[in-house]
Amino acid sequence: MSQTPYERVKTARDSQRPTGLDYIRNVFEEFLELHGDRRFGDDPAVVGGIAVLKGNPVTVIAIEKGHTARERALRNFGSPNPEGYRKALRLMKQAEKFGRPVVCFVDTSGACCGIGAEERGQGQAIAENLLELSTLCVPIISILIGEGGSGGALALALADRVWMLRNAVYSVISPEGCASILWKDAKKAEEAAQHLKLTAEDAKGFGVIEGILSERDLGKKNFYDRLGNILTRELGALSRDPDLVGKRYERFRRMGVEWMER
Amino acid sequence: MALINFLKPKNELEEGGRSMAPVQQDDGEPQQKCPNCHKEIPLSLLLGRDLVCPCGYHFRMRARQRIGRITDKESFRELFSRMRPGNPLAFPGYEEKLEVMRGASREEESVICGTACIEGQECCLFVMEAHFMMGSMGSAAGEKITSLFEYAVEHRLPVIGYTVSGGARMQEGLLSLMQMAKTSAAVKRHSDAGLLYLAVLTDPTTGGVTASFAMEADLILAEPGAVIGFAGARVIEQTTKKALPKGFQTAEFVLEHGFVDCIVERKDQREVLGKLLKLHEGGWNNESDAL
């Protein structure tokens with residue numbers, strides 16, 4: 001049963017899919033949420049804090065979309081403001097200080113698009129995360145669990161390992177946005193999704209992600225246990241790597257080179 | 001001129017198209033209508049003023065023209081000019097579009113990189129080209145900029161970058177998005193090496209370029225009236241259904257909100273860049289405290 005790319009997009013957006021908080025509550029033994037960016041405010045679209053995985057402390061950051069209409073409104077539909085990215089960076093720098101690895105769960109249609117977001121430097125906030133994450137001295141694993149919408153997703157996915165759920169999508173622009181630019185018709189999103197190559201298999205083919213996570217038993221105990229085991233194993237291996245930051249640089253350094261002329 | 005003079009007061013410019021579309025007048029002199037003062041300006045006058053209207057409005061400028069204006073005579077040496085984009089997604093119409101863009105802009109990509117001297121000081125320079133797919137960043141543009149920062153680390157040189165971009169290049173999908181991470185990592189290495197990176201944001205600097213190397217410089221200058229932002233104004237208006245504040249996303253607005261260091265008019269840029277390069281040559285000279 002193979003879905004078309006646009007069906008994948010719809011699956012990735014399904015409000016019944018597990019959200020960031022579901023992962024936090026089920027993969028880890030404990031979680032203490034920490035709030036605020038210490039600059040302006042606390043963004044409910046980004047949840048962050050310290051969790052325990054098989055007895056080890058981990059800093060966990062998740063973009064949270066919410067399930068119900070009310071939750072979704074509260075979480076700004078998972079579109080972070082600059083404060084969300086700054087909170088994430090603050091917690092990741094803290095993780096670095098105390099030698100904790102970082103795990104990010106990414107699920108956003110994109111960074112918040114609004115007047116206040118621009119006034120408070122949405123572009124600068126994302127840019128600073130990219131800059132700082134590129135040399136963060138602790139392991140970072142990012143998992144795209146639903147939508148990976150452009151720079152707003154990448155700001156939490158400059159990592160040593162990036163994994164996608166089988167039905168997650170990762171794209172530079174939404175299929176609707178692409179269709180309205182190309183054909184001035186957002187209804188051609190289905191066709192745009194086809195061309196954008198936004199599925200997990202595509203991302204793996206381009207060398208943008210390392211692994212695709214099976215959705216067998218999605219949202220059930222088995223599923224979370226399996227993910228917890230994979231995370232534990234991989235974080236352990238990364239923690240022992242003396243050239244973590246150098247390899248992270250090379251990971252991104254080669255992206256796109258294969259397909260251009262030089 | 002003292003540096004303080006470049007910190008100009010707010011200049012409320014109207015938004016509008018900036019492309020040059022001269023109109024032939026009855027007397028045969030081509031004219032260009034200024035979207036700010038609405039006057040018809042003779043093209044010859046504009047060309048003599050670096051495409052700045054007497055009212056202060058800055059029209060868009062070609063990358064090579066800028067390089068000629070800000071660098072010392074014959075000092076520019078281009079690097080990585082053979083890097084060209086491919087079509088990794090087999091995106092329909094992309095190759096044809098690239099061909100048209102190459103013909104129209106006489107460039108191979110949306111950014112030109114090299115080394116040059118500015119007021120006698122050596123630096124690495126990248127200048128983005130609005131006439132090539134609105135300066136969008138694909139894999140080749142990202143590779144060129146990354147390679148330039150690496151070259152600058154190797155040769156211990158400062159980097160000056162002129163940005164103009166609509167953002168990441170849609171036709172290269174996820175790989176364009178990854179250029180934001182790749183260029184940022186290169187900027188960080190350059191920064192950690194203790195070297196200066198100075199960005200000049202010109203109209204328009206938006207999307208993935210704003211959210212990466214445009215906002216990562218030690219010093220961020222902007223051209224008057226340039227649109228600088230992350231999301232497009234039209235998209236924000238449609239999403240929020242709210243009227244945008246006056247002067248939203250202009251260089252002046254971004255300065256007021258604390259995201260650029262200063263606004264520098266085109267005619268002053270060479271001098272300011274020269275001065276700033278000079279000021280970053282070394283730290284405090286211990287001999288200057290001798291009484």
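Modeller: Helices (H or I, at least four residues) and strands (E, at least two) are DSSP runs, numbered from the N terminus. By that rule chain B has nine helices and ten strands. The model is predicted, so local features need pLDDT of at least 70 and side-chain atom pairs count only at pLDDT 80 or more, whereas totals for chains, interfaces and linings use all residues. Residues are numbered from 1 along each chain as its sequence is written, and chains are lettered from A and ligands numbered from 1 in the order in which they are written.

Biologist: Why is Gly167(B) called buried?

Modeller: A residue is buried if 20 or more other C-beta atoms lie within 10 Å of its own, exposed if 12 or fewer, and partly exposed in between, with C-beta atoms placed from the backbone. Gly167(B) has 29 C-beta neighbours inside 10 Å and therefore counts as buried. Gly167(B) belongs to the loop between β7 (159-165) and α5 of chain B. Buried residues make up 49% of the 291 residues in chain B.

Biologist: What makes His38(B) exposed or buried?

Modeller: His38(B) has 10 C-beta neighbours inside 10 Å, so the residue counts as exposed. His38(B) sits in the loop between β2 (30-33) and β3 (40-42) of chain B, and its phi is near 65 degrees, a positive value in a residue other than glycine. Met133(B) also has a positive phi, of about 45 degrees, although it is not a glycine. Met133(B), however, is buried, with 24 other C-beta atoms within 10 Å.

Biologist: Why are those phi values worth noting?

Modeller: Most residues other than glycine have a negative phi, and most peptide bonds are trans. The peptide bond from Asp203(B) to Pro204(B) is cis, with omega near -15 degrees. Pro204(B) lies in strand β8 (residues 197-205) of chain B.

Biologist: How do you know that β8(B) is largely enclosed by the rest of the structure?

Modeller: Nine of the nine residues of β8(B) are buried, which means that the strand is largely enclosed.

Biologist: What makes β7(B) and β8(B) a pair?

Modeller: Two strands pair if DSSP finds at least two bridges between them. β7(B) and β8(B) have six bridges and run in the parallel sense; Val159(B), for instance, has Tyr197(B) in β8(B) as its bridge partner. Four bridges also join β8(B) to strand β9 (residues 219-222) of chain B, again in parallel, and there Leu201(B) stands opposite Ala222(B).

Biologist: How do you know which residues of chain B touch chain A?

Modeller: Two residues are in contact if their C-beta atoms, placed from the backbone, lie within 7 Å. The contact takes 50 residues from chain B and 42 residues from chain A. On the side of chain B that touches chain A, α5(B) gives the most, with 15 residues.
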